[in-house]
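Hi there,

Here is the structure I promised to pass on to you. Have a look at it first, and then read my notes below.

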Amino acid sequence: MNLSKPSPYSAADAPGLLYASFNQDYGCFSCGLDSGFRIYNCDPLKEKMRKEFDDGGICIVEMLFRCNYLALVGGGKNPKYPPNKVVIWDDERNRGVIELEFRSEVKAVKLRRDKFVVVLVNKVIVYTFSLTPVKLHVFETVDNDRGLVALSSSSDKHAILIFPGRQSGHVQIVDLNSVVPTTAVSSSPQSTSHSNPFSASGSQPKYPMTSTKPTANISIIPAHTSPLFCLVTNSDGTKCASASDKGTLIRVFDTGSSKLLHEFRRGVDRAEIYSIAFNSDSTRICAGSDKGTVHIFNLDGATGSRIYQSGAGSPSSGPHYGEVPQPHHASHVQSGNRQSSLAFMKDLLPKYFSSAWSFAQFKVAADCRCICAFGGEKNTVIVICADGSFYRFMFDPQKGGECVRESYSKFLRESDDD
């Protein structure tokens with residue numbers, strides 16, 4: 001959650017807070033401040049580390065699980081680093097060990113153990129995670145001022161990268177560990193190391209030359225008709241979820257087949273969805289918005305809220321996005337997510353009446369931007385708010401409904417000298 005750009009709810013923001021983000025397993029979260037950065041443990045809430053800078057602020061702090069490496073980008077009124085520079089910070093050495101500069105402002109950074117990704121306004125660049133990073137891929141995107149990108153973290157076999165397409169509302173999916181060799185043809189050699197030393201000109205005759213270069217295989221999903229606002233993946237990269245700038249619908253896709261698995265309605269009014277998170281076994285998602293509301297949806301494949309053809313096999317064979325299942329051949333499997341009482345008339349009424357709504361929900365005390373994730377304890381959701389507050393709620397997995405607040409704390413205060 002990048003808070004460096006103002007919003008209608010900025011008045012509630014904690015002074016000096018520029019950024020907040022969970023690590024890959026949601027066990028910790030990081031904060032970028034106008035005077036440095038901090039790392040907190042989520043459950044129980046406890047500050048684990050802070051770094052104060054006298055000469056500037058940090059607007060992006062990305063963790064790599066709980067290890068000593070962090071990705072930093074300067075920001076705020078007085079940035080610690082130029083906004084076009086990424087610094088890989090080694091907390092054991094208490095200094096930056098890698099610095100990369102770009103021609104434009106860095107919008108986001110994502111880390112995994114073998115690679116890291118830098119997002120610019122219309123490019124996504126992939127590097128090896130090493131002391132001398134090697135550029136692996138460059139992907140073009142539509143203007144991506146929010147720095148939307150998602151990178152799977154748990155699988156060694158697959159490294160799924162998800163980012164906006166070249167058209168508004170489209171999503172691109174690529175497995176960085178599965179590259180396709182392509183052949184490029186050039187009219188002359190790239191090197192003159194084998195030129196004829198006895199040639200009068202000292203140059204080599206021009207013959208067509210071929211070279212093999214690894215290229216990623218990209219899948220494209222037309223996820224929304226409006227610009228994307230939120231984009232995430234689960235830990236192993238098998239599913240992704242997206243929301244547009246309207247903030248009324250959340251769609252979940254299978255990254256391998258690009259099929260639409262679920263479509264959920266968050267609400268009727270427009271909202272900015274700042275976070276969507278999968279639980280550990282990808283059977284639920286939670287979503288947090290700028291209105292301080294959090295919604296929980298069921299994804300369980302055995303009781304999924306999708307419609308599929310009777311006798312067509314497992315529910316994983318759901319419709320592609322844009323397909324309309326034939327109602328007289330379809331059966332609806334209840335998931336526990338709420339539906340309109342008029343859903344039985346879905347063939348006659350607008351799509352709104354057949355939408356699946358959250359089965360559990362709650363609202364934090366203030367109208368402010370927030371991000372959320374499933375907690376370490378079973379059936380809990382944790383929330384980090386832009387006003388510096390931390391919540392933990394418990395939901396009933398059978399009944400759903402309004403969640404119960406279990407704890408509330410302020411992780412950031414106006415005068416925090418402890």
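Let me begin with a term you will need: two residues are in contact when they have heavy atoms within 4.5 Å of each other. With that in mind, which residues does Val383 touch, leaving aside its neighbours within four places in sequence? Val383 is in contact with Val294, Phe362, Val364, Cys370, Ile371, Cys372, Ser389, Phe390 and Tyr391.

Some housekeeping before we go on. This is a predicted model, in which local features need pLDDT of at least 70 and side-chain atom pairs count only at pLDDT 80 or more, while totals for chains, interfaces and linings use all residues. Residues are numbered from 1 along each chain as its sequence is written, and side-chain values use heavy atoms, with hydrogens and water left out.

**The overall picture**

The protein has 0 helices and 32 strands. Both kinds of element are DSSP runs numbered from the N terminus: helices are H or I runs of at least four residues, and strands are E runs of at least two. Of the 418 residues, 50% count as buried. Here, buried means under 20% relative accessible area, exposed means over 50%, and partly exposed is in between (1.4 Å probe, protein chains only).

The accessible surface of the protein comes to about 19,900 Å², and carbon and sulfur atoms hold 50% of it. Such areas come from the Shrake-Rupley method with a 1.4 Å probe; for residues, only the protein chains shown count as cover. As for contacts with a separation of 6 or more, 47% of them are between residues 24 or more positions apart.

**The cores**

A nonpolar core is a set of buried Ala, Val, Leu, Ile, Met, Phe, Trp, Tyr and Cys residues joined through side-chain atoms within 4.5 Å. The largest one here has 39 residues, and Phe29, Ile296, Val381 and Val383 have the most contacts inside it. Which strands supply at least two residues each to this core? Among them are strand 1 (17-22), strand 2 (28-33), strand 23 (293-298) and strand 29 (380-385). There is also a second, separate core of 35 residues, which includes Ile39, Val73, Leu111 and Leu120.

**Two open sheets**

Two strands pair if DSSP finds at least two bridges between them.

Strand 5 and strand 6 are joined by 6 bridges, and Val61 has Leu72 in strand 6 as its bridge partner.

**Two hairpins**

Strand 10 (residues 115-119) pairs with strand 11 (residues 123-128) over 5 bridges in the antiparallel sense. Lys115 stands opposite Thr128 there, and 3 residues link the two strands in a hairpin. Strand 11 also pairs antiparallel with strand 12 (residues 135-140), over 5 bridges. Ile125 has Val138 as its bridge partner, and this hairpin has 6 residues between its strands.

**Backbone details to look up**

Most residues other than glycine have a negative phi, and most peptide bonds are trans. Where does a cis peptide bond turn up? The bond from Asp43 to Pro44 is cis, with omega near 5°. Pro44 lies in the loop between strand 3 (36-41) and strand 4 (46-52).

Phe65 has a positive phi, near 50°, and is found in the loop between strand 5 (57-63) and strand 6 (69-75). Is Phe65 buried or exposed? Phe65 is buried, at 17% relative accessible area. Asn94 also has a positive phi, near 60°. Asn94 lies in the loop between strand 7 (85-90) and strand 8 (95-101) and counts as partly exposed, at 39% relative accessibility.

Happy exploring!
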